[in-house]
Amino acid sequence: MTQRSSSRPPFAWVEKDFGEDVLPGKRRLAAALQGICRHLVVTTPEGVTPARPTQAQAAKYLHVSETTLLRYLKGERVPPEKGAARIYDTACRDAGGGQKLGITREKLLELRERAEQERCANCSRSRDAVHAAGQKLRALRKTHEELKETHEELERSAAEQERELRELRQHAIALKQEVRRLKAAQPTPAREAGPQKFRVAEHPATLLPVPRRQGDRQQSKNEALAARDVGRRAEELLHSGRPDSTLALLRHTAEACAPLEMALLVRLLRTREQAELADNLVHIYARDRTDQDVVRAALLLHEHQATADAEALLRTAAAHPGSALSRGDGSGSTR
């Protein structure tokens with residue numbers, strides 16, 4: 001049975017398909033080399049001239065590697081000028097003259113020169129693309145570093161805010177404990193004497209506001225201390241930055257502030273044109289504090305000519321009967 005390889009025509013290996021990325025100039029040069037190689041009379045080192053020379057034998061005959069010859073014929077590589085001239089001269093000698101090759105030596109070298117220039121232009125475009133890609137990569141790296149620094153700064157800021165919140169919570173807990181201690185230490189009014197079941201049902205007595213006396217040193221000292229504390233809380237609110245942190249600070253402030261401190265803080269926020277913070281503080285204080293604290297704070301606001309805030313405080317308290325603390329222990333006021 002005849003082998004498949006013997007059924008193929010001689011020099012069938014020169015017929016190569018071109019890849020889609022092979023440029024036109026390289027295609028023309030490779031096609032010319034394919035036609036020239038058909039005229040080779042391949043002679044092995046042993047002096048044998050096979051009728052059907054292989055690609056490997058032809059490459060050895062032309063003094064190049066088989067891979068190099070393959071790339072020449074597929075247009076993947078442009079041969080040097082001496083290499084192209086040697087292939088032409090060898091085929092011309094074997095064919096008995098250049099007229100049988102269908103192309104002149106000068107034309108082949110011209111095709112090689114054009115393919116070389118085409119390759120250089122393509123390399124130039126590739127270099128430009130690589131340069132642009134490098135610039136983009138450097139810009140991305142710079143952006144990445146900037147984002148990393150911003151992320152680290154945000155983490156540090158978040159940690160600092162978390163620390164401040166912990167301190168505020170501890171301060172609020174301490175104030176609550178002090179309030180409970182003071183309430184427990186208050187003497188039971190005489191009118192509340194009687195059976196325990198009646199005392200439990202009654203509300204804590206609300207003291208009437210006492211007009212301030214001119215030159216009251218204790219009152220002035222208390223206001224000075226409250227003003228300093230209010231100033232610190234106002235700075236914390238104004239510099240808290242994030243809305244969630246601001247809301248948390250408002251809640252802790254409403255829990256910790258005495259009525260006098262709350263009134264002073266509202267006035268200070270109004271003075272600094274922080275209307276939204278002042279409105280939120282009034283709302284949270286009225287919603288979460290006892291009726292007694294709300295009434296005292298409203299009276300103090302009214303004394304300081306903050307009539308609108310006093311009215312808003314009372315209206316909000318009326319819309320939320322009983323404080324959060326009262327609802328928790330079951331001692332809320334009945335309205």
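Modeller: Confidence first: pLDDT is the predictor's confidence in each residue, from 0 to 100. The protein's mean pLDDT is 80, with 76% of its residues at 70 or more. Over residues 192–215 the pLDDT is below 50, though this stretch still has 21 contacts (heavy atoms within 4.5 Å) in the model beyond near neighbours in sequence. This is a predicted model, so local features need pLDDT of at least 70 and side-chain atom pairs count only at 80 or more, while totals for chains, interfaces and linings use all residues. Residues are numbered from 1 along each chain as its sequence is written, and side-chain values use heavy atoms, with hydrogens and water left out.

Now the packing. A nonpolar core here is a set of buried Ala, Val, Leu, Ile, Met, Phe, Trp, Tyr and Cys residues joined through side-chain atoms within 4.5 Å; buried means under 20% relative accessible area with a 1.4 Å probe, protein chains only. The largest such core has 32 residues, and Met-262 and Leu-313 have the most contacts inside it. Leaving aside neighbours within four places in sequence, Met-262 touches Cys-257, Leu-281, Val-282, Tyr-285, Ala-297 and Leu-313.

Thr-253 sits in helix H9 and is buried, at a relative accessible area of 2%. With neighbours within four places again left out, Thr-253 is in contact with Arg-233, Leu-265 and Leu-281.

Conventions
Buried means under 20% relative accessible area, exposed over 50%, partly exposed in between (1.4 Å probe, protein chains only). Helices (H or I, at least four residues) and strands (E, at least two) are DSSP runs, numbered from the N terminus.
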